[in-house]
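Please read it with the sequence and the model in view.

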Amino acid sequence: MNSSSHPLLNADLHCHSVISDGTLTPEALAERAQRNGVELWALTDHDEVGGIARARQAARDLKLPFLSGVEVSVTFLRKTVHIVGLGFDDTHPLLVQGLANTRGGRAARAQEMAAGLAKVGIQGAYEGALQFVGNPDLISRTHFARFLVERGICQDTHEVFRRYLTEGKPGFVPHQWATLRDAVQWIHVAGGMAVIAHPGRYGFTANEEFALFTEFKALGGRGVEVVTGSHTTDEYVTYADMALEFGLLASRGSDFHSPDESHTELGTLPYLSGRLTPVWDALSNRIVH
Ligand code: AMP
Ligand code: MN
Ligand code: MN
Ligand code: MN
């Protein structure tokens, strides 16, 4: 095992299991990560740390260095932003309760989504989506997408999002998630590091993006995903520059969800640029070996 304080580390610090909207168990993900040469792994389910104990045990059995993780849904400037937490105590009551509250609105939102879809002739979407849910507490748009593909309404999940599940489309329901302040504070109080997930995906104007980074820094947030499955190669450069401009540590993660759907496989992204300081430099005492 090479030194973990190096940019050239095959770290994959963003992926999803059946505990949120992935299709693999934490154990299967751990095995897959190791098979793909991952040298440091984190599981980051949406708004939920219920898979962390299993992931940590699986990683330990495989001698795969591991960090606890989560991806918190946040509403910032009327858009949904994701904040990744890394290296926290996954049993901390404030974090656990905050995440439970964040998940709380999902069932009602899903009922409304189904009502919207019913209006355009797609019946039974709530029950249909539930068939794909691994954790009844965490029904997400991804589960609806899988149901619409199974029904033959769309070819793949990306088409479902484009036609049905994004702003202005019949199955889209605006939702109020956690505040940026709360999300960062839950992660901090549990001893972890907060990281802005895939900033290239939000469609913010330059001013809005500047506001996100500025407020995140002011709240004590420390990292930003630079190399992620959600970024283009141009965005690797854009957000490397942003990380340096804002004095943020850089993270790297595939955002892998499923062997059938994800375009980025675990552990296969390019390395971080040598001009960046990786998040794992500041997390060495949090890594479980
Ligand atoms: P939710 O938290 O219920 O709003 O669902 C968000 C999840 O939907 C994301 O974490 C992605 O996994 C997935 N998602 C969002 N946009 C797309 C898209 N355009 N194509 C495929 N999956 C998407
Ligand atoms: Mn997801
Ligand atoms: Mn995300
Ligand atoms: Mn994700």
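Donors are N, O and S atoms within 2.8 Å of the metal (3.2 Å for Na, K and Ca), and water is not among the atoms, so sites may look incomplete. This is a predicted model, in which local features need pLDDT of at least 70, side-chain atom pairs count only at pLDDT 80 or more, and totals for chains, interfaces and linings use all residues. Residues are numbered from 1 along each chain as its sequence is written, chains are lettered from A and ligands numbered from 1 in the order in which they are written, and side-chain values use heavy atoms, with hydrogens and water left out.

**Manganese ion (ligand 2)**
- Along the chain, the donors of the manganese ion (ligand 2) follow the spacing D-x24-H-x210-H.
- These protein donors are Asp-21 (OD), His-46 (NE2) and His-257 (NE2), which lie 2.2 Å from the ion.

**Manganese ion (ligand 4)**
- His-14 (NE2), His-16 (NE2), Glu-71 (OE) and Asp-255 (OD) coordinate the manganese ion (ligand 4) at 2.1 to 2.3 Å.
- The manganese ion (ligand 4) is 4.5 Å apart from the manganese ion (ligand 2).
- His-16 and Glu-71 are both buried.

**His-82**
- His-82 is buried, because its relative accessibility is 11%.
- Contacts (heavy atoms within 4.5 Å) of His-82 include His-46 and Glu-71, not counting residues up to four places away in sequence.

How values were computed
Buried means under 20% relative accessible area, exposed over 50%, partly exposed in between (1.4 Å probe, protein chains only).
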